[in-house]
Amino acid sequence: MQTPLMELIEWIKNGDDGLLWTQQDITEKATELLEKEKEVIMDAYWDGGQDMPTMASTVYDYFTKTFTGKND
């Protein structure tokens with residue numbers, strides 16, 4: 001899984017069949033990804049809040065698992 005910002009960058013790089021994106025296109029995509037970012041932040045809050053004594057490692061594990069797909 002990628003962060004919403006990573007997804008936006010990838011989307012911009014891939015273009016629309018080689019065409020450049022307009023400012024409106026990018027704004028619409030970024031606005032769409034804001035909802036996903038909100039969900040990710042809420043998930044991180046709830047996940048971190050469930051394990052207060054080891055919060056630092058839980059947050060790190062959450063980020064690693066969610067955005068890299070690794071479970072270390």
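Colleague: Where is M1 found?
Modeller: This is a predicted model, and in it M1 sits in the segment before α1.

Colleague: What makes M1 partly exposed?
Modeller: Its relative accessible area is 47%. Partly exposed lies between the 20% cut-off for buried and the 50% cut-off for exposed, so M1 gets that label.

Colleague: Which residues is M1 in contact with, leaving aside its neighbours within four places in sequence?
Modeller: They are K36, V40, T66, F67 and T68. As for T66, 65 residues apart from M1 along the chain, the two C-alpha atoms are separated by 5.9 Å.

Colleague: And K36, how do you know that its side chain and that of E7 meet in a salt bridge?
Modeller: The N to O distance is 2.0 Å, and the rule asks for within 4 Å. E7 lies in helix α1 and K36 in helix α2, so the pair ties together parts 29 residues apart in sequence.

Colleague: How many salt bridges does the structure hold?
Modeller: There are 2. E32 and K29 also form one, at 3.3 Å, N to O. Those residues are 3 apart in helix α2, which means about one helical turn separates them.

Colleague: Why is K29 called buried?
Modeller: Because its relative accessible area is 18%, and buried means under 20%.

Colleague: Why is the pair of W11 and W21 called stacked?
Modeller: Their ring centres are 3.8 Å apart and their planes meet at 20 degrees. Pairing needs centres within 6.5 Å, and stacking needs planes under 30 degrees apart, so this pair is stacked. W11 belongs to helix α1 and W21 to the loop between α1 and α2, so parts 10 residues apart in sequence are tied together.

Technical notes: Residues are numbered from 1 along each chain as its sequence is written. This is a predicted model: local features need pLDDT of at least 70, side-chain atom pairs count only at pLDDT 80 or more; totals for chains, interfaces and linings use all residues. Side-chain values use heavy atoms; hydrogens and water are left out. Rings of Phe, Tyr and Trp (its six-membered ring) pair if their centres lie within 6.5 Å; planes under 30 degrees apart count as stacked, over 60 as edge-to-face and the rest as tilted. Helices (H or I, at least four residues) and strands (E, at least two) are DSSP runs, numbered from the N terminus. Buried means under 20% relative accessible area, exposed over 50%, partly exposed in between (1.4 Å probe, protein chains only). Contact means heavy atoms within 4.5 Å.
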